[in-house]
Amino acid sequence: MIQLYNVVEFLATFTELFVAYLVLRTIFYDKRKLTNYYIDAIMAASGTIMVLCCNKIALFSYFTIIIVGIYLSVSARIIYRINYITLFSAVSFYLLCMNSFDFLCYR
């Protein structure tokens, strides 16, 4: 049962991060430096591993949300030719929407 929980948690986290990269691709399509779209999946997978490691410390913490926001912003800066503040704002808004959706699902 624990194995099933870990697989579901991995898939859910990967989906959330990959959708973040899809949203950034939609918003900043014309400013993209790297033309290889597989890099989005690779960065989402590495971010998922980082989130799962943070979740081993505490299941829900603001630390994980802050680390994910910083990770998404820095990794998106590698892909796009946009300043960091703009990317951080877009990522922060995405995380706010996702966390609000998660909160409504739990209630």
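## Ile 65 in helix α3

Ile 65 lies in helix α3, where helices are DSSP runs of H or I with at least four residues, numbered from the N terminus. Ile 65 is partly exposed, with a relative accessible area of 24%; buried means under 20%, exposed over 50% and partly exposed in between, with a 1.4 Å probe and protein chains only. The C-alpha atoms of Ile 65 and Val 51 are 8.8 Å apart, and the two residues are separated by 14 residues along the chain.

## Basis of the model

This is a predicted model, in which local features need pLDDT of at least 70 and side-chain atom pairs count only at pLDDT 80 or more, while totals for chains, interfaces and linings use all residues. Residues are numbered from 1 along each chain as its sequence is written, and side-chain values use heavy atoms, with hydrogens and water left out.

## Helix α2

Helix α2 spans residues 38-57, has 20 residues and reaches 30 Å from its first C-alpha to its last. This is close to the 28 Å expected at 1.5 Å a residue, the expected span being 1.5 Å times one less than the number of residues.

Buried residues of α2 include Met 43, Ala 44, Gly 47, Val 51, Leu 52 and Cys 54. Among the elements that cover the buried residues of α2 are α1 (2-27) and α3 (62-79).

## Packing of α1 on α2

Two packed helices are described by the angle between their axes and the distance between the axes. The axes of α1 and α2 come within 8 Å and cross at roughly 135 degrees; axes are lines fitted to C-alpha atoms, for helices over the stretch in contact, and angles run from 0 to 180 degrees between N-to-C directions. The two helices α1 and α2 are therefore oblique to each other, since angles under 35 degrees count as roughly parallel, over 145 as roughly antiparallel, 65 to 115 as roughly perpendicular and the rest as oblique.

The contact (heavy atoms within 4.5 Å) involves residues including Phe 10, Phe 14 and Tyr 21 of α1 and Ala 44, Thr 48 and Leu 52 of α2. The residues of this contact of α1 with α2 comprise 12 nonpolar, five polar and four charged. Ala, Val, Leu, Ile, Met, Phe, Trp, Tyr, Cys and Pro count as nonpolar, Asp, Glu, Lys and Arg as charged, and the others, Gly among them, as polar.

## Packing of α1 on α3

The axes of α1 and α3 come within 11 Å and cross at roughly 45 degrees. That angle makes α1 oblique to α3. Leu 17, Ala 20, Tyr 21 and Leu 24 of α1 meet Val 68, Tyr 71, Leu 72, Ser 75, Ala 76 and Ile 79 of α3 in this contact. By class, the contact of α1 with α3 has nine nonpolar residues, one polar residue and no charged residues.
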